[in-house]
Amino acid sequence: MNMTTGEYDRELLALFGLEEIYEKLPPLRHAADLCGHVTAGAAEKTLLPEGTPVTAGMFDVDACGIASGLSDDEKMCMIAGTWSINEYIAKAPVTNGKVSLNSMFCIPGYYLIEESSPTSAGNMEWFIRNLMGYEKKEAAANGGSVYDITNEWVASIEPQDSKLIFLPFLNGSNEEALAKGTWIGLTAYHNKRHMLRAVYEGIVFSHLTHVKRLLDNREAPESIRLSGGAANSEVWVQIFADALQIPIDVIEDKELGAQGAAIAAGIGAGIYKDYEEGISRTVKITKTVQPRPEYKKIYEEKYTAYRAVIKALSGVWDYFENE
């Protein structure tokens, strides 16, 4: 894709040795464009009614952005799931090399400006799977959820009462390709509660790293819209707000990718006039969590230590190259 013309680029294809497919590529369409209808053959195989309108659709970060309410360049959103997704939209791409991805957004005339890495809530799932097997079984036996336990554990420790640092790189890194998940500062005093508190904070700090890169190119928003697994935890959302010192809006819907795609389909089917109407009718903010100023310095010091650990370990990761 040529980001300026919005068309396929023969020169770029040639750089990848793919120039011969230029004439065979399908036509480019925006996400809500009507591209056809379900045929009789497709209806038989899928059980979808014949004649159902079919739109082009979109990829996941666009869909999650739309379902977070990204319809203008004032807003910003974070998705804290397996991946740390942090994004906003703008009328022009960021070409100074300070962000990891520019792409054409599903709303014509806008670009998606994105910072992301596999450093988010997937790390906590690993912790639960490997270090909380007993607690998970006990919660299930009592008709509860292991997440009630994780939130209680984290809430029981004030941020200033534990300096343990966790690098949330179990599934990959936003720093160095070979960086690995790491606890720094473990002593005999610490237990699983302290370790989990560090996991919550480390994931927030990874998001904060991405958000800082985005804010190098724009003003801070009035609030940031948060979705994904972490948004289900009041304790975690408060850590996000306190560490970023920006109000956090929690999005109601739990499956944002599906919701964003449905909004585009609704436009194509004539249910919504445009994205603004689709968003206004479907995207709901359940609450806004305000940052607590008294925690600002505490989290600044913690984040500084987090960054210092990453810097200190630079070069060490080569040891793990063949693992």
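Trainee: Which strands does helix α3 lie across, and at what angle does it run to β4?
Mentor: Keep in mind that this is a predicted model. Helix α3 covers residues 60-67 and lies across β3, β4, β5, β6 and β10. Against β4, helix α3 runs at about 70°.

Trainee: OK, and in what order do the strands of the open sheet come?
Mentor: There are 7 strands in that sheet, and their pairing is mixed. The edges are β5 (101-104) and β11 (285-289), each pairing on one side only. From one strand to the next, the twist averages 25°. Reading across, the order is β5-β6-β4-β3-β9-β10-β11.

Trainee: Zooming in on β4 and β6, what is the bridge partner of Glu87?
Mentor: Strand β4 spans residues 84-90 and β6 spans residues 111-117. The two run antiparallel, with 7 bridges joining them. For Glu87, the partner in β6 is Glu114.

Trainee: Stepping back, why does the chain's radius of gyration agree with a compact globule?
Mentor: The C-alpha atoms fill a box of roughly 65 × 50 × 40 Å along the principal axes. A compact globule of 323 residues would have a radius of gyration near 20 Å, so the chain agrees with its 22 Å.

Trainee: And how much of the chain counts as buried?
Mentor: Buried here means under 20% relative accessible area. The accessible surface comes to about 16600 Å², with 53% of that belonging to carbon and sulfur atoms. Of the 323 residues, the buried share is 46%.

How values were computed
Residues are numbered from 1 along each chain as its sequence is written. This is a predicted model: local features need pLDDT of at least 70, side-chain atom pairs count only at pLDDT 80 or more; totals for chains, interfaces and linings use all residues. Side-chain values use heavy atoms; hydrogens and water are left out. Two strands pair if DSSP finds at least two bridges between them. Helices (H or I, at least four residues) and strands (E, at least two) are DSSP runs, numbered from the N terminus. Axes are lines fitted to C-alpha atoms, for helices over the stretch in contact, and angles run from 0 to 180 degrees between N-to-C directions. Contact means heavy atoms within 4.5 Å. The radius of gyration is taken over C-alpha atoms; the globule rule is 2.2 Å times the number of residues to the power 0.38. Buried means under 20% relative accessible area, exposed over 50%, partly exposed in between (1.4 Å probe, protein chains only). Accessible areas come from the Shrake-Rupley method with a 1.4 Å probe; for residues, only the protein chains shown count as cover.
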